[in-house]
Amino acid sequence: MSDLSDLYQQVILDHNRRPRNRGKLPTANRVAHGDNPSCGDQCSVYLNLDGDRIQDISFDGSGCAISQASASLMTTQLKGKTAAEAEAMFKDFHEIVTSGKEPEEISDVAAFAGVHAFPARIKCATLGWHAALNALKGDEQPATTESHTD
Ligand code: ZN
């Protein structure tokens, strides 16, 4: 298993070092901001939503490695997905970070399973996802992790 944890650590480090889809999206028609005051993480998510489908997505923000790597990974996962697919993917991701149960198949999201051992960091890992779902719902109010029970 230690090889696998090394691999998963690499995934997080890599997203942190080379964030994907980072910066404002010029074509965005939805934006939502997330805030995790318990750690000081900030994350804005920009969506170009075409009907029900995420044509393009980006994020911008600052904070700890977990929050930024997770937001970067989230953008790669949600691009091209429908709102319903995005919600289902967040459910899976949330399950992984809260239970630590790794999916059968090796995947980038599974890299965040280790977060479950550090309950305070779960909010860091889910911040970008919460912001993305709020943007999908057209809710431009800041998403704060304080109002969620995770
Ligand atoms: Zn954090």
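G40 is found in the loop between β1 and β2 (helices are DSSP runs of H or I with at least four residues, strands runs of E with at least two, numbered from the N terminus). The model is predicted, so local features need pLDDT of at least 70 and side-chain atom pairs pLDDT 80 or more, while totals for chains, interfaces and linings use all residues. Residues are numbered from 1 along each chain as its sequence is written, and side-chain values use heavy atoms, with hydrogens and water left out.

### Exercise 1. A loop glycine

Determine whether G40 is buried, partly exposed or exposed, and how far its C-alpha lies from that of I106.

Solution. 
1. The relative accessibility of G40 is 43%.
2. Buried means under 20% relative accessible area and exposed over 50%, with partly exposed in between (1.4 Å probe, protein chains only). G40 therefore counts as partly exposed.
3. Along the chain, G40 and I106 are 66 residues apart, and their C-alpha atoms are 30 Å apart in space.

### Exercise 2. The zinc site

List the protein donors of the zinc ion, state their spacing along the chain, and say how accessible C39, D41 and C124 are.

Solution. 
1. Donors are N, O and S atoms within 2.8 Å of the metal (3.2 Å for Na, K and Ca); water is not among the atoms, so sites may look incomplete.
2. The zinc ion has as protein donors C39 (SG), D41 (OD), D41 (OD), C64 (SG) and C124 (SG), at 2.1 to 2.8 Å.
3. Read along the chain, these donors give the spacing C-x1-D-x22-C-x59-C.
4. C39 is partly exposed at 35% relative accessibility. D41 is buried at 0%, and C124 is buried, also at 0%.

### Exercise 3. Cysteine pairs

Solution. 
1. C43 is buried, with a relative accessible area of 1%.

### Exercise 4. The largest pocket

Give the volume of the largest pocket and describe its lining.

Solution. 
1. On a 1 Å grid over the protein atoms alone, a pocket is an open set of points where a 1.4 Å probe fits, with protein on both sides within 12 Å along at least five of seven lines; lining residues have an atom within 4 Å of a point.
2. The largest pocket holds about 400 Å³ of space, a volume being the space filled by probe spheres set on the points.
3. It is lined by 19 residues, and Q9, I12, I66, A111 and G114 are the closest to its centre.
4. Two elements give two or more residues to this lining: α1 (2-17) and α2 (65-78). The most come from α1, which gives seven residues.
5. By type, the lining has 13 nonpolar, four polar and two charged residues (Ala, Val, Leu, Ile, Met, Phe, Trp, Tyr, Cys and Pro are nonpolar; Asp, Glu, Lys and Arg charged; the others, Gly among them, polar).

### Exercise 5. The largest nonpolar core

State which residues have the most contacts inside the largest nonpolar core and which elements build it.

Solution. 
1. A nonpolar core is a set of buried Ala, Val, Leu, Ile, Met, Phe, Trp, Tyr and Cys residues joined through side-chain atoms within 4.5 Å.
2. The largest one has 41 residues, and V45, I54, L78, F112 and L136 have the most contacts inside it.
3. Two or more residues come from each of α1, β2 (41-50), β3 (53-62), α2, α3 (83-99) and α4 (119-137). Helix α4 gives the largest share, 10 residues.
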